[in-house]
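Reader: I would like to learn how to read a few features of a structure. Where do we start?

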Amino acid sequence: MMTGKIKQLTISLFVLIAIMVSGCATKDLTRQAATTNQNIVVDEKLLNEANAYAEKQVAMVQIDAAAERDNIFMLLAYAVVYKNWQNSDMANNRGYNIGSVLVDENNEVVYWARNSVNVTKNMTQHGEVRLMDCYLATHGPNDLKGYTIYTTLEPCAMCSGMMFLTSMPRTVYGQKDPSFGDAIERLEFDSTSLPGGYPPYPRHVISNGSHLSGRYVLDYYYKVYVSQHQDAHITVFLTTAEAALVFSSALNTLEKYQVKYPENQEVKEKAIAFYNTKVTSSYTKLCPEQ
C-alpha cells in the first residue's frame, strides 16, 4: 500500500501503544516486546515516523488513575474489533473495523458491539448504536447517565446524537475521524451570535481522544494514507496492514499492562475476563440476550 522499504514484522502493540505511564522510549519497548503470532507487512520507515509522532504526543500527557482506566478500556475496545477483523470492506462482510465497549459508573464493562452495517444491510448499525440499543433493551435503564462509551473511531453525527438523547455524559475514541468526526462539538457549538444561529444542544457530552499512542499512530497513518489516495475512506484504511498492526496486539498489551495505580488492577482483570467470557469471534445478532 505505502511506498518505501518494506519489512516483514512480527511485533507487539507494546511498540505502538504501551507508552502510557512508564515514560519508556519506543526503542526500549521494542526490546522488551512480546510478540504476536501474526506477521504483518508494513513500511518500516513509516512505522518509525508514526512511533516518533506518537511518542511526542504521549509525552505531553500526565496519566492519572482515571486516564489509566481509559487506557485499559480503549485497549479492550481495540481487542473487541480485532477478534472479528474484516480484511476488506466488501458488502458481504460483517461491516467496518470499528467497535465499542460500554462502561458503567463503577468502572465495570457491561456491553460490547461491533459495526455491522453490511451483514444487517442497515447503515444505521454502527457499533455505538448497537451498543446503546442492545444494552438499553436488555438491561432496563431508560438512559445512560453515568456511563462511558469507549469507541475505536470518533463517533459520527448519528451516534453522537444518540449519546445526547440517552444523557450519556462521556465518550472516548481511539482514532480521529477528520470527515465525520467532531459531531459532538458541532452539537455543542453556540452560533447564536450569527444571523439565524442556534444555541448549543441542551444536553452535554464530553468527547475525549484516547491518550494511547496507538491512537496517534492511527491518526498519523491515516494522514499519510489520505495524502496517497485521492478518494480516501477511513473505513477502507481500517482494513490495511497499518491499521491491523495497531489492533492486532491490543489484547496482548492489555494482559501485560503494568498498572501504576493499584486500584486499577481489578479493573484490568475484569476487563480481560469480560473479553474472554462475553466477546464472540463472529457476528452477533442485535440484542442476542432477548
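Author: We start with exposure. Buried means under 20% relative accessible area, exposed means over 50%, and partly exposed lies in between. Keep in mind that this is a predicted model.

Reader: How does Gln265 count on that scale?

Author: Gln265 has 29% relative accessibility, so it counts as partly exposed. Gln265 sits in helix α12.

Reader: What share of the residues in the protein is buried?

Author: Of the 290 residues, 53% are buried. The secondary structure comes to twelve helices and seven strands. Take the contacts with a separation of 6 or more: residues 24 or more positions apart account for 70% of them.

Reader: Now helix pairs. How do I read a crossing angle?

Author: Look at the angle between the N-to-C directions. Under 35 degrees counts as roughly parallel, over 145 as roughly antiparallel.

Reader: At what angle do the axes of α4 and α12 cross?

Author: Helix α4 spans residues 65-82 and helix α12 spans residues 264-278; their axes come within 10 Å and cross at roughly 10°. That angle makes α4 roughly parallel to α12. On the α4 side, the contact is made by Ala65, Glu68, Arg69, Ile72, Phe73, Leu76, Ala79 and Val80. On the α12 side, Asn264, Val267, Lys268, Ala271, Phe274 and Tyr275 take part. By class, this contact has ten nonpolar, one polar and three charged residues.

Reader: Are α8 and α10 roughly parallel or roughly antiparallel?

Author: The axes of α8 (residues 213-228) and α10 (residues 241-248) come within 10 Å and cross at roughly 175°. The two helices are therefore roughly antiparallel to each other. Helix α8 brings Gly214, Val217, Leu218 and Tyr221 to the contact. Helix α10 brings Glu242, Ala243, Leu245, Val246 and Phe247. Seven of the contact residues are nonpolar, one is polar and one is charged.

Reader: Last, pockets. What should I read off for the largest pocket?

Author: Read volume, then lining, then class. The largest pocket has a volume of about 390 Å³. Its lining counts 19 residues, and Leu153, Asp177, Phe180, Ile234 and Thr235 lie nearest the centre.

Reader: Which helices each supply at least two residues of that lining?

Author: Helices α5 (127-139) and α9 (234-237) do. By class, the lining of the largest pocket has nine nonpolar, seven polar and three charged residues.

Notes: Residues are numbered from 1 along each chain as its sequence is written. This is a predicted model: local features need pLDDT of at least 70, side-chain atom pairs count only at pLDDT 80 or more; totals for chains, interfaces and linings use all residues. Side-chain values use heavy atoms; hydrogens and water are left out. Axes are lines fitted to C-alpha atoms, for helices over the stretch in contact, and angles run from 0 to 180 degrees between N-to-C directions. Helices (H or I, at least four residues) and strands (E, at least two) are DSSP runs, numbered from the N terminus. Angles under 35 degrees count as roughly parallel, over 145 as roughly antiparallel, 65 to 115 as roughly perpendicular and the rest as oblique. Contact means heavy atoms within 4.5 Å. Ala, Val, Leu, Ile, Met, Phe, Trp, Tyr, Cys and Pro count as nonpolar, Asp, Glu, Lys and Arg as charged, and the others, Gly among them, as polar. On a 1 Å grid over the protein atoms alone, a cavity is a set of points where a 1.4 Å probe fits but cannot get out, and a pocket is an open set with protein on both sides within 12 Å along at least five of seven lines; lining residues have an atom within 4 Å of a point. Grid points are joined across faces, edges and corners, and a volume is the space filled by probe spheres set on the points. Buried means under 20% relative accessible area, exposed over 50%, partly exposed in between (1.4 Å probe, protein chains only).
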